[in-house]
Amino acid sequence: MVSDTGIYNKKDLTIITTHINADFDALASMLAAQKLYPDALVVFPGSQEKNLRNFFVKSMVYLFNMIDIKDIDFANLKRLVLVDTRQANRIGKLSTVLDRSDVEIHIYDHHPPMHNDIKGHYEVNDLTGATVTILTEIIKTKNIDISSDEATIMCLGIYEDTGSFTFPSTTEKDFKAAAFLLSKGANLNVVSNLVSREISPEQVRLLNDMIQAATRYNINGVEVLITTVTTENYVSDFAFLVHKMVKMENLDAIFAIARMADKMYVVARSRIPEVDVGAIVTPLGGGGHTYAAAATIKGKTLIQIEHELNEILYSKVSSKSRAKDLMSSPAIKVDADIPCKDAKNLLTQYNINALLVIRKQNGKEILLGFITRQIVEKALYHGLDHLPVKEYTTTELAFVEPGAGVQEIQEKIIENKQRVLPVIDNDIIIGVITRTDLLDILARRTGYDTASSPHLLRERGHARTRNILRFMKERLSTRIVNILKAIGKTAEELGYDAYVVGGFVRDLFLYRTNEDLDIVIEGDGITFAKKYAKTVDARIHAYDKFGTAVIIFPDGFKIDVASARMEFYKFPAALPTVEMSSIKLDLFRRDFTVNTLAIQLNPDQFGVLIDFFAAQRDVKEKTIRVLHNLSFVEDPTRVFRAIRFEQRFGFSIGKLTSGLIENAVKMDFLKRLSGRRVFTELRQILEEENPTAAIIRLNEYDLLSVIHSSIILNKDLFSLFNSVKKVISWHDLLFLEEPYMKWAVYFLALTGHCDRKTVEKVCNRLEIAPRYRTIFTKERFNADHCLSKMERNHPMENSTLYHLLSGFKTELALYMMASTKYENVKRSISNYFTRLRHVDISIKGRDLIAMGLAPGPVFREILQAVHDAKINGQLKTRSDEFAFVKDYVR
C-alpha cells in the first residue's frame, strides 16, 4: 500500500536487493530470489547499468515486484534478502538496517568469504560461477515453476558471470543450472544478443584510450596491467569493455580505473590464482570474487586510487617467481686451484662480478664458496696473480633450493652480504641469483617501469610471456604447427626444453612468410636432432664443435637445431667462442632485440611466447636496438645486419644503437674484420629486394670505405643501382626458372666504375672465391667491351648480336642491360634474352651425311650459317633449312 506521500507503508516488508552497479547475475538472482520470497519487493540499492535499465523498461519489467528505494519506509522492514553480495559498503542506504535486531538478514552469494562480510541469520554461500546458479538449484529442488522469460533472465546471469562458461570460476553446477533453465524454455537467442552486444562509437573510443593508457607491472613475478581513463560523461558497460580488453590483449590480470563525471570506477579481472581481484579491490571499498571484482569510489582522485592500488597489489599478489625462475644458468664456476689471473680473465670474459669456487671429488662438484671481482683485482694489484683462488675464497655462503621464494632469496643475499647466491638441487649447482637480479625484483616492487629504461639487462631476470597458440594457428600452415609440436614432444621425452627462436618468431609478428625454423634446445642439440630425425625419416648434418645440426626432410625441407649456448669474444671483431648455456643466455648473445623472441614447444607450454628483452615493444615501435653497448665491438658485422634489417622491415635504427655504430666506425673495429666476413654481409645486403636504400645508409655511416676506399656513392652509382633494380624486376617477371645470382649484378654495378687493377684489389680485400672473381674481373671487362661495341654499331643483325652476347652469363647480360644509356641497346639485349638465345635449328649432322657430305670442320661452318640465317629471319621451316644448305654448299 502506498500513502499520500508516495511511501510504501505495508508492515513486515521483505526486501530483495543486490550490490550497487548491478550486473545481469545480480538481476537474475533478484528474480530467482523473488520466486523463493513471493511477497517480497525488489529494490536496487543505487544506480544501475544503463543497459539493465533499458532491458527492464522495454521487456521484462512485468516479472519483478519492483519499487524505488525512496518509496520504502525502513521502519516497516522485517527481512532483507541479499543476493550476489555480502558487503555492507555495496548495498547503499540499506546498510543502515544491518544493525537492527528486528531485521532478519538472508544471504545468497557466490563470492569467497571476507573478514568484513555481513553476517546473516540465514546464508547459502557456494563458490559457483554465478549466484543465480545457487538459487536455481534451490528452485529446482523445491520444484518451483518458472516461465520461459524467467528462465531466460536467470540463464543470462549465468552466461554473463561465467563468460559463457569460459572463466576459470565456472563450475559443474553452473552447467547443470543452465541445462535446467534450458529445459524450462530459456531463449539462448536473447541471451546471446545481450551478452555479445555490439559496442557504440563512444565505447570504442574509451576502449582505445584504455589500451593506449595501459601500463604493465611485474609484481612478484606476475604481470599485472593497470589502465586509467577519464570521460566527462558516464559510459555504460565499462565492465564489458574491460572484459573485451582482456580478450583482445590476452591479459592475465587487469585493473581498470575510470573517472566518469564525478565518480571513480574500478573494474578488475583475473585469469590466474596468484591475483585474487576480490581481495585486492575490497580495501578500495568494492568487492567481488577471485576472478572478477569492482568498486565505485567517491572523494578520491585517479592518482590516489592508482597509488593505493599499487600498494595493495604488492602486498596481495602471490609470488609466482621462484629461485628456478629467477636464476641465471648455467652457473659460472672455477676450480679452486686456478690462479687469480685466470679468474680475472673469466670474470671479464663472462662480464660477471663473482665466481663460484668448486673442487671436484669422486666425479662430483663440491661447492667451496665464491670469489668476487673486487677481491681478484686486489690480489692482482698486490702481485698475487699466481696464487690459487682458494686462498681468498669466501667460504661462508648461503644457498637456496629451486623452489625458494623471493623473500627467502632477499633475506639470504642481504643478511649474508652475498654478491651471488647459488641455487642447488640435490647437491648439484643448477644456477645462481646475483645481487643485481635481486635489485631488479625490488625495483619492480616499487612500480619502477623497467620497460621505459634503455638498460635492457634489467629485463634478463623476468621474461614477459603470453600464450600465442591461437595466433600461431592463424598464421602458420598446419604442417609447420605439427612439426613444432613434434619437436616439443621429442624434447620432452629427452628431458629437454625446446624453443623456436629468432627470425621465424619475429616475422610471425611482422606478418611476413618465413618457414626457416631455428630450434634451440636446452640440452644436447645433436642428441635431440638424431632422435627427432628418426621419427620423421630425415637425415642430419651435425657440427660437434658448435653443438648444432641441420635436419633435412625427404622433400628437402630443413630445420636448424642448436644447443642453447653463449658466446664471448677474445678481442674486437674476433669470431665467437661458444659454450653451453640456457635459453636466456642464448638469446642474450643475439644481435638485436627484435631477434630475441622465443616460443616454447614442450607440450605443457606449447605456444608460450618468451620475451626477455622487450622485443615485442621494439617490433611494435619498428626500432632496431642492440642488447648491450659493446655489441658492435664484439661483432662489428652486426652493423651491416642492423642496416639490412632496417631497410628490409621499414624500421629505424634506435638513437643509442646509431651512436654505437658511429663509434665502431670511428674506432676502426670494422676494418679489423676479415674480408670474407665483410663479403658475406655485403652479399646478403645485395640479395635484398631493394639494396639501394641499404647502400645509401652504408654511405651515411661511412661504411663503403670498409669494402674498399674506391667504392664511392655518387649520382652515377645511385642511378646505376636503380637501373639494376628495374632490369632485375623485368627479368624476374619472365619466370624463366633459371638460377642466377642477383647480388652479383649489384656487385658488378658497385664496382663498375673501377679499373681492372682496382677490382682485383677489391676482390682480394673481400677474399672473393675464384669462381666469382673471374666474373667481376675478366668477364666484366669483356662485357664492357661488348657493350661499347653494341652502342657504336647499333643497329646490327640478330646473328651478330647473338654472337656478341651468347658467351656471357645471365648476371653479365643483366649488368650490360642496366649499364647502357641507350634504349635501343636495352631492347636488343632484351630481344636476345627472351627470343634469340632460344632459337634452334632442326637440321643436324646426320642430315648433312644423308645429303652426301663428308663429316669434318665444314659441318660446324654449315650449321652455324643455318643458325645465323634462321636468327635473321631468313628461314622458317625444316625445308627452308635443307634448301639453304644446298645453296650454301654449291
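Q: Where is asparagine 514 found?
A: Asparagine 514 sits in the loop between helix 18 (503–509) and strand 19 (517–522). Helices (H or I, at least four residues) and strands (E, at least two) are DSSP runs, numbered from the N terminus. This is a predicted model, where local features need pLDDT of at least 70 and side-chain atom pairs count only at pLDDT 80 or more, while totals for chains, interfaces and linings use all residues. Residues are numbered from 1 along each chain as its sequence is written, and side-chain values use heavy atoms, with hydrogens and water left out.

Q: Why is asparagine 514 called buried?
A: Buried means under 20% relative accessible area, exposed over 50%, and partly exposed in between (1.4 Å probe, protein chains only). Asparagine 514 has a relative accessible area of 15%, so it is buried.

Q: Which residues does asparagine 514 touch?
A: Leaving out residues up to four places away in sequence, asparagine 514 touches Gly503, Phe504 and Asp507. Contact here means heavy atoms within 4.5 Å. The side chain of asparagine 514 also reaches the backbone oxygen of glycine 503 at 3.5 Å.

Q: What makes strand 9 largely enclosed by the rest of the structure?
A: Seven of the eight residues of strand 9 (residues 263–270) are buried, so the strand is largely enclosed.

Q: How do you know that strand 8 and strand 9 pair?
A: Two strands pair if DSSP finds at least two bridges between them. Eight bridges join strand 8 (residues 253–260) to strand 9, and the two run antiparallel. One example is isoleucine 257, whose bridge partner in strand 9 is valine 266. The two strands form a hairpin with two residues between them, and alanine 261 in the turn has a positive phi of about 60 degrees.

Q: What makes strand 11 a partner of strand 9?
A: Strand 9 and strand 11 (residues 292–297) are joined by six bridges in the antiparallel sense. Here tyrosine 265 stands opposite threonine 296 in strand 11.

Q: How many cavities of 30 Å³ or more are there?
A: There are five. On a 1 Å grid over the protein atoms alone, a cavity is a set of points where a 1.4 Å probe fits but cannot get out, and lining residues have an atom within 4 Å of a point. The largest cavity has a volume of about 100 Å³, and a volume is the space filled by probe spheres set on the points, which are joined across faces, edges and corners.

Q: Which strand supplies the largest share of the lining of the largest cavity?
A: Strand 7 does, with three residues.

Terms used
1 Å grid on protein atoms, 1.4 Å probe; cavity = no way out; pocket = protein on both sides within 12 Å on 5 of 7 lines; lining within 4 Å. Polar contact = N/O pair within 3.5 Å; in protein donor to acceptor, adjacent residues only side chain to side chain.
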